[in-house]
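Colleague: I am new to reading structures, and I would like to go through this one with you by asking about one place at a time. Could you start with a term that I will need and then take my questions in turn?

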Amino acid sequence: MTDGERMRPGRRTVLGAAGAAVLGTAATGLAGAPASAAQRHGGGPAAYRDLPVPYVIGHRGTAGYRPEHTLGSYQHALDLGAHVIEQDLVPTRDGHLVCRHENDISATTNVSDHPEFASRKTTKTVDGVAITGWFTEDFTLAELKTLRAKERIPGNRQHNTLYDGRWDVPTFEEVLRWAQEQGRRLGRRIWLHSETKHPTYFRGIGLPLEDRVAAVLRRYGRHRADSPQFLESFEPSSIQRLATLVDTPSVVLLSNAGTKPWDFVVSGDPRTVDDLVKPAGLKWIASYAQGIGPTLDLIIPKDASGRLTKPTTLVRDAHAQGLILHPYTMRNENSFLPADFQRGTDPNAYGDAFGAFRTYFSTGIDAVFSDNADTALLAAADFRKH
């Protein structure tokens, strides 16, 4: 038994191969306003510890097949069977939360095709990086709704451009209403994983995220410890703020070794990610959060050639503090896989994703973010059988 297995009190038996996993483990959240315990617990895992380990988090929906952070991407992730579906949250000028990976919407919408917004193009410094483009905080929600979403990396995923213009930019509330509707349709709880993006930056321009997120969660009954909901952020202070507002399970995201969370940069905190993945850092995280979301490289580093080396002790050390691990991000294409699992010379062709999943799952991680939920689900089902 691995350390990861020993720390999983909610582990469930697989219902069979991929079809059963896809149909039987997607979880739903019913109804906003005050929900009864039966409603909150009916038809799906009662709490995050009851999700089937390893579970699959649909990264930005199912970004491998649909333009990210659209209702089409979220629906496809649900249809494929993702256990949890992710949203990234940024504000509009009038304070609405919308789902975009970044506040810069140049690459993910057709804003450049709208001459009425040409003057909105500008250069801003976000988390210390100068970016030129169009930004959500410069648009009202009504203005943003005139835009259409498109594929962010068409060079890698030309097939996704088929769906360019099909969906608009969803609000967080629209996603929560969608989750309610799908929950009623399927009779199970829809689990979501929602990130506060650049919270220090937005607080600095008068658009703080945490109170807005908490208010929406309370409105839809997702503010409880047993809600089918995770919160996440790369800034620990954002998770600390949220922990004072709601009881929703939360995850601190951890970037590459040697980097520093932006709120640490601003506050002068000397710690880096290297400090946070040590036992003392993990104990500190466990005092206000339920998990960590490290890069896969923090689980198994790569050498100079891009091949995997020996796993670190992070999984064991995090589990020792009672933390779950949601590492990111698995994608099927060669260009995103470790060199060990790349096949052929086309960077956009699929490599041996199943081999990579098997290697990462063997470390004892609790879940994984994936752009390709169907591949991840098959790999997880195979892993559980063995």
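Modeller: A residue is called buried if its relative accessible area is under 20%, exposed if it is over 50%, and partly exposed in between. Please keep in mind that this is a predicted model.

Colleague: With that term in hand, is Phe234 buried, exposed or partly exposed?

Modeller: The relative accessible area of Phe234 is 28%. Buried would need a value under 20% and exposed a value over 50%, so Phe234 counts as partly exposed.

Colleague: Which residue forms an aromatic pair with Phe234?

Modeller: A search of the whole structure finds 12 aromatic pairs. In one of them, which is edge-to-face, the ring of Phe234 has a partner at 5.9 Å centre to centre, with 85 degrees between the planes. That partner is Tyr328.

Colleague: How many residues apart in sequence are the parts that the pair of Phe234 and Tyr328 ties together?

Modeller: Phe234 belongs to the loop between strand 7 (229-233) and helix 9 (236-245), whereas Tyr328 belongs to the loop between strand 10 (324-325) and helix 15 (353-361). The pair therefore ties together parts whose separation in sequence is 94 residues.

Colleague: What kind of aromatic pair do Trp284 and Tyr288 form?

Modeller: The ring centres of Trp284 and Tyr288 are 5.0 Å apart, and the angle between their planes is 75 degrees. Trp284 is partly exposed at 24% relative accessibility, while Tyr288 is buried at 11%. Since planes over 60 degrees apart count as edge-to-face, the pair of Trp284 and Tyr288 is edge-to-face.

Colleague: Which residue lies over the face of Trp284, and which residue's side chain makes a polar contact with the side chain of Arg271?

Modeller: Over the face of Trp284, at 4.0 Å from the ring centre, lies Arg271. The side chain of Arg271 also has a polar contact of 2.8 Å with a side chain from the loop between helix 10 (262-267) and helix 11 (273-276). The residue that makes this contact is Asp269.

Colleague: Is Asp269 buried or exposed?

Modeller: Leaving aside residues up to four places away in sequence, Asp269 touches Lys260 and Phe264. The relative accessible area of Asp269 is 16%, and because the limit for this class is under 20%, Asp269 is buried.

Colleague: In which sense does strand 8 pair with strand 7 and with strand 9?

Modeller: Strand 7 and strand 8 are joined by three bridges in the parallel sense, and Glu232 stands opposite Val251. Strand 7, helix 9 and strand 8 also make up a right-handed β-α-β unit. On strand 9 (residues 291-294), the bridge partner of Leu254 is Pro294. The pairing of strand 8 with strand 9 runs over four bridges, and its sense is parallel.

Colleague: How many of the residues of helix 4 are buried?

Modeller: The buried residues of helix 4 include Tyr74, Gln75 and His76. Helix 4 (residues 71-80) is mostly covered, and the buried count is eight of its 10 residues.

Colleague: Where does Arg60 lie, and what is its phi?

Modeller: Most residues other than glycine have a negative phi. Arg60 is found in the loop between strand 1 and helix 4, and it is buried at 6% relative accessibility. Although Arg60 is not a glycine, its phi is positive, at about 55 degrees.

Colleague: Which residues are joined by the cis peptide bond whose omega is about -15 degrees?

Modeller: Most peptide bonds are trans. A cis bond with omega near -5 degrees leads from Val53 to Pro54, in the loop between helix 3 (37-41) and strand 1 (55-58). The bond with omega of about -15 degrees joins Tyr328 and Thr329.

How values were computed: Residues numbered from 1 in each chain as written. Predicted model: local features only at pLDDT ≥ 70, side-chain atom pairs only at ≥ 80, totals over all residues. Heavy atoms only, no water. Phe/Tyr/Trp six-rings, centres within 6.5 Å; stacked < 30°, edge-to-face > 60°. Helix = DSSP H or I, 4+ residues; strand = E, 2+ residues; numbered from the N terminus. Buried < 20%, exposed > 50% of the residue type's maximum accessible area, 1.4 Å probe, protein only. Lys NZ or Arg CZ within 6 Å of the ring centre and 35° of its normal. Polar contact = N/O pair within 3.5 Å; in protein donor to acceptor, adjacent residues only side chain to side chain. Contact = heavy atoms within 4.5 Å. Pairing = 2+ DSSP bridges. Right-handed = clockwise from strand over helix to strand, strands pointing away.
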